[in-house]
Amino acid sequence: MGAYDDVYRRSLADPAGIWGAAAEAVDWVRAPRRILADDAAPMYRWFPDAELNTCANALDRHVAAGRGDAIALIYDSPVTGVVRRFTYAELLDEVARAAGALAGLGVGRGDRVIVYLPMIPEAVVTMLACARLGAVHSVVFGGFAPAELATRVDDARPTVIVSASCGIEPTRLVSYKPMLDAALELATHAPAHCVIVQREQQRCELVAGRDLEWAPLVAAARPTAAVPVAATDPLYILYTSGTTGRPKGIVRDNGGHAVAMTWSMRHIFDIGPGDVMWAASDIGWAVGHSYTVYAPLLAGAATVLYEGKPVGTPDAGAFWRVVAEHGVDVLFTAPTAIRAIKKEDPGCELLAMHDTSGLRALFLAGERLDPATFSWASDALGVPVIDNWWQTETGWPICANPIGLERLPVKAGSPSVPMPGYDVRVLDPAGVEVPAGTEGAICIRLPLPPGTSPTLWPDDDERYVASYLSAFDGYYLTGDGGYVDADGYLYVLGRTDDVINVAGHRLSTGAMEAVLAAHPAVAECAVVGVADSFKGQVPRGLVVVKSGAEITPAVLAAELVALVRSEIGPVAAFKQVDVVAALPKTRSGKILRRTMREIADGRAPGVPSTIEDVAVLDALRPVLRARDGG
Ligand code: COA
Ligand code: AMP
């Protein structure tokens, strides 16, 4: 039996055994005596009697072990022309001061801090400073519009918001501060203070009494020690799109997270002290939380924080320049980023200009890895290309090829096999496990391993159960469909709900429909995610106009595109909406979104027997097949 098989089997037979042993790699203030609390099943808690501080594990312990001069954080920003390295000692000093500054503003254990920042060191520092105080951070991605930020402010009710004057996209400055001000106008909750990083590219006005400038505040602050917290205390909330317009507040606890991050960094990614990990994801997403910020630092490695894009900053060789310049051992990004590079440098001329021989593996996640991208990256780099499948909810890979434990054969199109603790099963609609090769709902038998979301914010067990545990008794519903082959390799075919993945960004079509439906001329609408060769999927809208509404289809379409951009944000990439006479429905009134999506994707779906009027669907076929190309 190989190392993977052995650990995987033991993890299911004796979860407390393997995670209890894994917990020994973490520094506890109070070591766990109990590993898994299962008395409130189906709600489980890992390490219920333990105490620790995540920031102390990420920073202080390495400095105390004499590794203060080792590099912890490499900030590489082609959009500003800056490269800055922080040793563990320097990062600890900065974080301890930032924690002091936040504490001075009233932030304490359990209080929330919203982080609305571009990819700058202050973002990492704020996250770790919150962890140091036992406060709960919630990072909001900069590509979201003020209304989305406002929803998160009202849900998380932060004591402080940390933001910046601006972010820098390749073609424009993104004015964060006006968006923050607009969000706070919309929100009912008011934070006590906003702390603003003033960037020289675009400074902003501060609101007297409410806003404070980061640099002088942190410089004047006294360093603060790490506060011990319960392993079950929340470390962060990360909002993610569900099937409705209301985002879900995924909760990450301190203890399970530290154990899972430490274990996965070594056994899945094969990264340890002295190595350089680069997860080129925005810190607003789960990959950024886990593998840009926490896991590399918990492991004592160096992490790269990159403020740039795969292309356009300045060219498609940018990723390879970073890999070469900083000695990156493992790169983690989304398939879309590789597709963007491949499109501009198909023959690898730019790649050849950089010495990437130190790179050991490329990990890809966030969306389906298409075989063409997999082959191109494998050939171009000559290193293992590891597809891994997971979700914000789980915080670390459900399926991967654990190269630190055992390098398994790679199969194109599959994120390989379940990681320890994830008892992955494919179920039919009646909840019966299907045979190998048969499609079904991908589920995970409870309990989930450490590091996965134990509930939804704010301790909303009811919503957690309704969202994930109610479809099949004893199982967590991932929302993805797929199958397992005869060798136990999983194939993920896509979401079975209204969540879509646009350029590796998770979005809700339901949220977009809510925006369209609010337009006074719209009677009915649907948004479906259709296949796109670059972004994986893009949203497409279909609207029926209210009778008597005096607006041309072109004007309405333009208004709706602008509305989604201003209400949800540019990241939605909502560019195409068609005005149609009617939407196809079942006799009970349910819109046939899946059938429309399949037609738009060029497939020939069967016509559902429950359809109300086949003629409506037939009339839509040419509209769905036409692409704006936007
Ligand atoms: N702040 C403000 N705006 C942002 C933003 C941010 N942090 N990130 C993206 N946007 C904007 C973009 O500027 C763009 O605006 P535009 O419509 O004015 O051009 C819009 O949101 C759409 O962005 P995106 O979908 O990222 O497309 P793009 O063409 O700008 O970039 C890629 C394409 C491939 C570079 C980019 O999608 C990418 O890096 N994707 C990987 C995502 C990822 O890492 N996911 C995490 C899982 S690993
Ligand atoms: P997020 O929560 O943003 O990480 O998005 C999670 C969703 O992205 C999953 O439920 C999948 O639909 C999709 N996804 C993530 N990784 C992969 C992958 N490797 N292959 C296929 N789909 C993926």
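Student: What should I know about the model itself?
Tutor: It's a predicted model, where local features need pLDDT of at least 70, side-chain atom pairs count only at pLDDT 80 or more, and totals for chains, interfaces and linings use all residues. Residues are numbered from 1 along each chain as its sequence is written, chains are lettered from A and ligands numbered from 1 in the order in which they are written, and side-chain values use heavy atoms, with hydrogens and water left out.

Student: What makes a residue count as surrounding ligand 1?
Tutor: One of its heavy atoms has to lie within 4 Å of the ligand. For ligand 1, 23 residues surround it, with Glu169, Arg172, Ala503, Lys535 and Arg565 the closest.

Student: Why does Arg172 count as a polar contact of ligand 1?
Tutor: A polar contact is a pair of N or O atoms within 3.5 Å. Taken alone, ligand 1 exposes 940 Å², and the protein buries 83% of that (areas come from the Shrake-Rupley method with a 1.4 Å probe).

Student: And which contact does Asp387 make with ligand 2?
Tutor: A polar side-chain atom of Asp387 lies 2.7 Å from a nitrogen atom of ligand 2. Asn501 puts a polar side-chain atom 3.1 Å from an oxygen atom of that ligand. On its own, ligand 2 exposes 490 Å², of which the protein buries 93%.

Student: How do you know that strands E16 and E18 pair?
Tutor: Strands are DSSP runs (E, at least two residues), numbered from the N terminus, and two of them pair if DSSP finds at least two bridges between them. E16 (residues 276-279) and E18 (residues 330-333) have three bridges in the parallel sense, so they qualify.

Student: Where do these strands sit in the sheet?
Tutor: Seven strands form an open sheet, ordered E5-E4-E17-E16-E18-E19-E20, with mixed pairing.

Student: Why is one side of E5 and of E20 left without a neighbour?
Tutor: E5 (82-87) and E20 (385-387) stand at the edges, each with a single partner strand, so one side of each has no neighbour in the sheet.

Terms used. Helix = DSSP H or I, 4+ residues; strand = E, 2+ residues; numbered from the N terminus. Polar contact = N/O pair within 3.5 Å; in protein donor to acceptor, adjacent residues only side chain to side chain.
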